[in-house]
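Here are my notes on this model, written as numbered points so that you can follow along with the coordinates open.

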Amino acid sequence: MSGATDSGAVDLGAFEFQCGDEIDRLEVAYETYGEFTGDNAVLVCHALTGSQHVSGRRRAEDTAGQARAWWDDIVGPGKAVDTKEYYVVCANVPGSCYGTTGPASPGPDGEPWGTRFPPVTVRDWTRAQRALLDHLGVGRLRAVVGGSVGGMNVLDWAVAYPDDVELVAPIATAARLDAQCLAIDAIARRAIQSDPDWNGGDYYGGDEPRHGLALARQLGHVMYLSKESMADKFGRRSAGRDAVRDAFPTDPAASFFPYRDVESYLDYNAEKFVDRFDANAYLYLTRAMDDYDLSEGYEDDAAALGAFEGEALVMSFTGDWHFTTEQADSLADAFRDAGAPVAHHVVESDHGHDAFLVEPEKVGPPLRDFLADGVAGQSITDRGDDGPADL
């Protein structure tokens, strides 16, 4: 089998969003890796600001704004999600800005949609992915895999299309956000909307709300790191003498105090982020994440998963306070109560929420074995009974 990569965008035609609004054309940008054999398709769901570019080097003709593939350590030839064995599909979600229709895309009048774009939900992402797979000739999936809000997207597949997937692997995620994370997301959106250049979302062709988006991203970075990782990486150290402190306006008294290493890190990453991401897209995608609730329309989480007859690997990280191991416990219990074979594999890590991206040596083996053998995979442990996975 080949490890060949294909990329493009599919016009799905008219699309009705969960909110009831409809647009005439929904274009979905995607990448595929490997060869489809009829039963080896794996859908990878990206996180909040990710793209369809999940693996490999970016080619000159690619439109995705991320030069480096976001999960290249996990997806690729010979890796945990082996593109010599599986046909991997990753699609940019509606509302984003990497080729799939969203606020920055041209509307019917040729002008960017801006905030005229319909509200977007995780269910809209799932339905768009299903339509893309239909276009690609893919029916039942071997697995759906994803982390963070991509993990919520995975869970939604088990609810919306339970017969279309054998295995689900929601990683570093939960059935819903807690109040603390909802609060931080709300502040991030207000940072964007308070920027004078946001202009009610109609900033295209002019000055963009860079400061507001930078602040929003900085809040996100704080959520993604743990206390331990921040202490190890930055401590209270001052930035070097060559550090540039011009990302945000400062007052005269600021020069008396040190510009700290952690501030320099946040400023640097925020500056890189605002060059590649759209502020309105950030508003739309965080609202979709905030809105997601596994049990919506059902009595509880287990009832929502009641029609799913496959197997589930829930993976969490001890240093992650964005989506905690306790939240993952509850999610695994919901699968158990629904009668689905499940393992809750806990990774000891100080890296915080970003661990699923930066510790492939811990994420890869259980994911590889899950794709091959389900919850009976050799590298998988189950926190549910402190022993082998429930079968």
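1. Ser295 is buried, as its relative accessible area is 16%, and the cut-off for that label is under 20%. Its place is in the loop that runs between helix H7 (279-291) and helix H8 (301-304). The side chain of Ser295 makes a polar contact of 3.4 Å with the side chain of Arg176. Leaving aside residues up to four places away in sequence, Ser295 touches Arg176, Asp300, Asp301 and Ala304.

2. A word on confidence, since this is a predicted model. The average pLDDT for the protein is 93, and 93% of the residues score at least 70. Please look with care at residues 59-64, where the pLDDT is below 50; this stretch has 14 contacts in the model beyond near neighbours in sequence. Residues 386-391 also have a pLDDT below 50, with 15 contacts beyond near neighbours in sequence.

3. How many disulfides does the model hold? The count is 0. Cys19 is in no disulfide, and the nearest cysteine sulfur, which belongs to Cys97, is 20 Å away. Seen from Cys97, the closest cysteine sulfur is that of Cys90, at 14 Å, which is too far for a bond, because a disulfide needs the two sulfur atoms within 2.5 Å. As for accessibility, Cys19 is partly exposed at 40%, and Cys97 is partly exposed at 23%.

4. Next come the aromatic side chains, with 16 aromatic pairs in the structure. One of them joins Phe17 and Phe117: the ring centres are 5.5 Å apart and the planes meet at 75°, so this pair is edge-to-face.

5. Another pair to look at is Trp71 with Phe356. Their ring centres lie 6.3 Å apart with the planes at 75°, so this pair too is edge-to-face. Trp71 belongs to the loop between strand S5 (41-45) and strand S6 (75-76), and Phe356 to helix H10 (residues 355-358), so the pair ties together parts 285 residues apart in sequence. Trp71 is buried at a relative accessible area of 1%, and Phe356 is buried at 2%.

6. Pro365 touches Pro360 and Ser379, not counting residues up to four places away in sequence. Pro365 and Ile380 are 15 residues apart in sequence, and the C-alpha to C-alpha separation in space is 8.0 Å.

7. Last, two backbone angles to check. Most residues other than glycine have a negative phi. Ala172, though not a glycine, has a positive phi, near 50°. Ala172 lies in the loop between strand S10 (165-171) and helix H3 (179-194), and is buried at 1% relative accessibility. Asn199 likewise has a positive phi, near 55°, and lies in the loop between H3 and helix H4 (210-224).

How values were computed:
Residues are numbered from 1 along each chain as its sequence is written. This is a predicted model: local features need pLDDT of at least 70, side-chain atom pairs count only at pLDDT 80 or more; totals for chains, interfaces and linings use all residues. Side-chain values use heavy atoms; hydrogens and water are left out. Buried means under 20% relative accessible area, exposed over 50%, partly exposed in between (1.4 Å probe, protein chains only). Rings of Phe, Tyr and Trp (its six-membered ring) pair if their centres lie within 6.5 Å; planes under 30 degrees apart count as stacked, over 60 as edge-to-face and the rest as tilted. Helices (H or I, at least four residues) and strands (E, at least two) are DSSP runs, numbered from the N terminus. pLDDT is the predictor's confidence in each residue, from 0 to 100. Contact means heavy atoms within 4.5 Å. A polar contact is a pair of N or O atoms within 3.5 Å; within protein, one must be able to donate a hydrogen and the other to accept it, and residues adjacent in sequence count only if both atoms are side-chain atoms.
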